[in-house]
Amino acid sequence: MRRSLTRSLVVRCSMLAVLGLFAAVGEHFIRDGVELHYELDDIADSLAAAARPVDGELELVPDAELRAWLDVIPDLHLSVFDDSGQPLFTFGAPAAKMVEAASRTLEGYFVFSATERDDAQSGPRFGYVASRRASDGTALRIVAERAPATPRDRLLWVQAEIMDEYGPFMLVSAVLSILVVILTVKNALGPLARVSAEAASIVPGDGKRLGLESVPREIRPLVEAMNGALGRLQEALAREQRFTADVAHTLRTPLAALRARVEGSTATAERTALLRAIARIERLADQLLFKARLEAGTLDRFEVVDLGELVHDLAGEARPVLSREEKQLLVRTPREPVICRASRVAIEQALLNLLDNAAKAAPRGSVIDLVARADGTVLVCDRGAGFAESEIANLCLPFRRGATSRWQGAGLGLAIVAEAVQRNGGELVIRNREGGGAEVGFRIPLASNAKTTRKLAA
């Protein structure tokens with residue numbers, strides 16, 4: 001499984017952001033003192049719920065669970081007063097200072113520390129005063145004093161802080177941090193996506209380079225290295241194209257002289273064989289020259305083409321040749337025009353190569369189907385030997401012939417077809433035909449200009 005750079009960066013940066021958030025909250029817990037009012041608030045609520053009127057008077061009798069809860073708080077002294085100041089419940093001995101503070105405190109609670117008590121050793125103490133109401137509406141005042149915080153208190157404090165205060169903030173902050181990281185990483189990798197799209201659009205032989213505008217300096221060396229590699233590849237391709245074209249041109253003159261001498265000789269079986277061999281070499285030279293022109297981009301003059309009309313034109317040229325070999329050509333095209341924007345010369349040559357291959361593969365007396373479809377597909381179908389499934393993927397390589405081929409071709413026909421189709425933005429179709437034979441053709445994109453299509457259809 002391939003690693004995703006975007007996913008890796010998002011995960012790592014998000015983890016860093018979340019860890020930083022936790023570190024900030026953790027620093028607060030370490031720096032600030034323990035707040036003990038959370039648990040005392042819960043105890044005050046439970047005590048207020050336990051206060052009930054009995055025979056016209058308010059009584060507060062904690063149950064066993066509430067008393068056990070009071071027992072675990074270290075050195076707790078607590079009193080509950082009604083609205084007249086009479087004590088309803090006492091746990092431990094309340095300090096006079098706290099009773100005095102409770103009488104001065106308005107609604108609400110506060111947390112304070114006392115450095116001394118009348119009946120205990122000196123040291124930091126924690127006091128608590130809060131107002132509650134009983135079930136009958138009677139106002140209650142809860143006054144408490146306890147020893148300093150223990151590890152249990154710290155744990156309860158951290159839990160309460162996270163659940164009641166920092167939890168929602170941390171969750172929202174973590175989500176926002178991850179979203180910001182995702183957007184930042186995608187924005188940072190945007191130039192790479194643009195460079196990749198630009199590189200994918202480069203066609204061999206067009207001489208284009210990757211643009212350096214708006215490219216971050218961190219990836220500029222990579223883009224410059226790719227431009228250097230493209231330059232070297234383009235130069236090598238240009239040398240190969242020049243060599244191929246020179247060879248094709250050089251072969252034509254001696255072949256023409258050789259043909260003239262052979263044609264002037266006495267008609268014999270040897271003369272016929274020589275003329276056939278010369279024709280094959282001439283076709284090879286023509287194919288090499290056309291392939292060089294195709295790869296060089298000199299044929300990339302795109303125009304509006306009706307595939308149905310083009311198929312009928314080529315069928316008219318091919319029928320006389322096929323009839324001499326006792327083969328028929330059946331053409332099927334849609335009634336509506338099939339409008340594409342393509343290089344007419346390249347598409348014509350591709351179809352001629354396909355018809356030539358089908359004519360060689362089809363047995364005498366058989367029918368070759370030439371089909372054009374409304375989606376831009378053109379197929380040449382024969383009843384020959386077809387292809388071995390293992391060799392279909394390599395049939396488009398130059399000088400590669402199928403193992404079932406019965407003729408001695410140069411192996412450039414399908415290579416030229418593949419190159420022509422690719423330069424027109426299409427895809428090659430090669431498959432064995434149901435019932436025997438092969439279906440070879442291509443599919444090229446339809447013209448996107450609806451006005452042009454309607455005009456030609458009219």
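Asp 45 is partly exposed at 40% relative accessibility. Here buried means under 20% relative accessible area, exposed means over 50%, and partly exposed lies in between, with a 1.4 Å probe and protein chains only. The model is predicted: local features need pLDDT of at least 70, side-chain atom pairs count only at pLDDT 80 or more, and totals for chains, interfaces and linings use all residues. Residues are numbered from 1 along each chain as its sequence is written, and side-chain values use heavy atoms, with hydrogens and water left out.

The side chain of Asp 45 meets that of Arg 132 in a salt bridge, at 2.6 Å from N to O. A salt bridge is a side-chain nitrogen of Lys or Arg within 4 Å of a carboxyl oxygen of Asp or Glu. Arg 132 lies in strand E6 (residues 125-133) and Asp 45 in helix H2 (residues 37-50), so the pair ties together parts that are 87 residues apart in sequence. Helices (H or I, at least four residues) and strands (E, at least two) are DSSP runs, numbered from the N terminus. Arg 132 counts as buried, at 18% relative accessibility. Side chains of opposite charge can pair when their charged atoms come close.

The structure holds 12 salt bridges. One of them joins the side chains of Arg 344 and Glu 348, at 3.2 Å from N to O. Both residues lie in helix H10, 4 residues apart, which is about one turn of the helix. Arg 344 is partly exposed at 22% relative accessibility. Glu 348 is also partly exposed, at 25%. A further salt bridge links the side chains of Arg 431 and Glu 439, at 2.8 Å from N to O. Arg 431 is partly exposed at 35% relative accessibility, whereas Glu 439 is buried at 17%. Salt bridges that share partners also join Asp 41, Asp 45 and Arg 132 into one network.

The nonpolar interior was examined next. A nonpolar core is a set of buried Ala, Val, Leu, Ile, Met, Phe, Trp, Tyr and Cys residues joined through side-chain atoms within 4.5 Å. The largest core has 38 residues. Within this core, Leu 307, Leu 329, Leu 351, Leu 354, Leu 370, Val 378 and Phe 442 touch the most other members. Elements that give two or more residues to the core include helix H9 (307-324), strand E9 (328-332), helix H10 (344-361) and strand E14 (438-443). H10 gives the largest share, 8 residues. Leu 329 touches Ala 315, Ala 318, Arg 319, Leu 322, Leu 355, Ile 368 and Leu 370, leaving out residues up to four places away in sequence. Contact means heavy atoms within 4.5 Å. Another core lies apart from the largest one. This other core has 23 residues, among them Leu 58, Leu 70, Val 80 and Phe 91. In soluble globular proteins, nonpolar side chains tend to be buried together.

Ile 339 is found in strand E10. Ile 339 is buried, at 3% relative accessibility. Ile 339 and Pro 445 are 106 residues apart in sequence but 9.0 Å apart in space, C-alpha to C-alpha. Cys 340 is buried at 0% relative accessibility, and Cys 381 is buried at 5%. A disulfide is taken as a pair of cysteine sulfur atoms within 2.5 Å. By this rule the count is 0.

Asn 227 belongs to helix H7 (residues 220-263). Asn 227 is buried, at 13% relative accessibility. Beyond its neighbours within four places in sequence, Asn 227 is in contact with Arg 209, Leu 210 and Leu 212.

On the surface, Leu 171, Val 172, Val 175, Leu 176 and Leu 179 form a nonpolar patch with about 460 Å² of accessible area together. Patches are made of residues with over 30% relative accessible area and no salt bridge; like charges are joined within 9 Å, and nonpolar side chains (Val, Leu, Ile, Met, Phe, Trp, Tyr) within 5 Å. Accessible areas come from the Shrake-Rupley method with a 1.4 Å probe, and for residues only the protein chains shown count as cover. Leu 179 lies in helix H5 (residues 151-188). Leu 179 is partly exposed, at 45%.

Two loop residues have positive phi values. Asp 55 has a phi of about 55 degrees, although Asp 55 is not a glycine. Asp 55 sits in the loop between strand E1 (51-54) and strand E2 (57-60), and is exposed at 79%. Phi of Asp 75 is near 50 degrees. Asp 75 lies in the loop between helix H3 (64-72) and strand E3 (77-81), and is partly exposed at 38%.
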